[in-house]
Amino acid sequence: DMLDMFLQGMFGVVRIVMYVAPIGAFGGMAFTIAKYGIGTLASFGQLMLCLYLTSIFFVVVVLGLVMRMCGLSLFKYLRYIKDEILITLGTASTEAVLPQMLVKMERMGCSRPVVGMVLPTGYTFNADGTAIYLTMAALFIA
């Protein structure tokens with residue numbers, strides 16, 4: 001009961017953070033625009049455009065080549081996991097779709113032990129999107 005009460009308290013804190021995060025983001029953007037001008041939004045937009053183009057290139061070229069080597073179609077796979085892609089875009093986190101991805105990969109024919117090992121490990125060690133973002137941000141700042 002004590003642990004459950006603690007967890008409920010932690011969930012309450014997370015809920016508060018989720019509600020006030022947009023206000024904090026707005027405040028950060030308002031401060032930046034007020035101090036450095038509206039041109040900063042254009043620079044940020046360029047960074048985001050470059051980031052999305054690089055990410056799309058990575059998915060199509062790198063993932064596409066890996067899928068082709070495995071005898072699978074990239075676009076059929078992307079259609080198969082489109083709901084998970086949309087949830088990930090909406091939440092900005094892949095953690096929300098891990099359970100659904102485990103089920104879908106098993107339905108595709110991957111064995112349960114392989115899926116149970118590869119997906120969580122990939123989530124932990126294979127943060128390609130983060131690496132692409134950090135690299136693009138560093139290059140953009142430079």
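Leaving aside its neighbours within four places in sequence, which residues is Glu84 in contact with? Glu84 is in contact with Val97, Gln100, Met101 and Lys104, where contact means heavy atoms within 4.5 Å. This is a predicted model, in which local features need pLDDT of at least 70 and side-chain atom pairs count only at pLDDT 80 or more, while totals for chains, interfaces and linings use all residues. Residues are numbered from 1 along each chain as its sequence is written, and side-chain values use heavy atoms, with hydrogens and water left out.

**Helix H1**

- Helix H1 covers residues 2-36, and helices here are DSSP runs (H or I, at least four residues) numbered from the N terminus.
- The 35 residues of H1 should span 51 Å at 1.5 Å a residue, the expected span being 1.5 Å times one less than the number of residues, and this agrees with the 49 Å between its end C-alpha atoms.
- At Val20, H1 bends by about 40 degrees, and the proline Pro22 follows within four residues; the bend is the angle between axes fitted to the seven residues ending at a residue and the seven starting there.
- After H1 comes Gly37, which has a positive phi, near 95 degrees.
- Phe26 belongs to helix H1 and counts as exposed, at 59% relative accessibility, given that exposed means over 50% relative accessible area, buried under 20% and partly exposed in between (1.4 Å probe, protein chains only).
- Although Phe26 and Thr94 are 68 residues apart along the chain, their C-alpha atoms are separated by 24 Å.

**Glu84 and Lys104**

- Glu84 is part of helix H4, which runs over residues 82-91, and it is buried, with a relative accessible area of 6%.
- Lys104 sits in helix H5 and also counts as buried, at 11% relative accessibility.
- Apart from its neighbours within four places in sequence, Lys104 is in contact with Tyr80, Ile81 and Glu84.

**Phe58**

- Phe58, a residue of helix H2, counts as partly exposed at 27% relative accessibility.
- Leaving aside neighbours within four places in sequence, Phe58 is in contact with Leu63, Asp128 and Ile132.
- From C-alpha to C-alpha, Phe58 and Ile132 are 9.0 Å apart in space, and they are 74 residues apart in sequence.

**The largest pocket**

- The largest pocket has a volume of about 2,100 Å³, a pocket being, on a 1 Å grid over the protein atoms alone, an open set of points where a 1.4 Å probe fits, with protein on both sides within 12 Å along at least five of seven lines.
- Among the 44 residues that line this pocket, having an atom within 4 Å of a point, the closest to its centre are Val59, Thr88, Thr94, Asp128 and Gly129.
- H2 gives the most to this lining, with twelve residues, and helices supplying at least two residues each include H3 (74-80), H6 (112-125) and H7 (128-141).
- The lining divides into 33 nonpolar, eight polar and three charged residues, where Ala, Val, Leu, Ile, Met, Phe, Trp, Tyr, Cys and Pro count as nonpolar, Asp, Glu, Lys and Arg as charged, and the others, Gly among them, as polar.

**The second largest pocket**

- About 210 Å³ of space lies in the second largest pocket, a volume being the space filled by probe spheres set on the grid points, which are joined across faces, edges and corners.
- Its lining includes Met29, Phe44, Tyr133 and Phe140, and the elements that give two or more residues to it are H1, H2 and H7.
- H2 gives the most to this lining, with five residues, and by class the lining has nine nonpolar, three polar and no charged residues.
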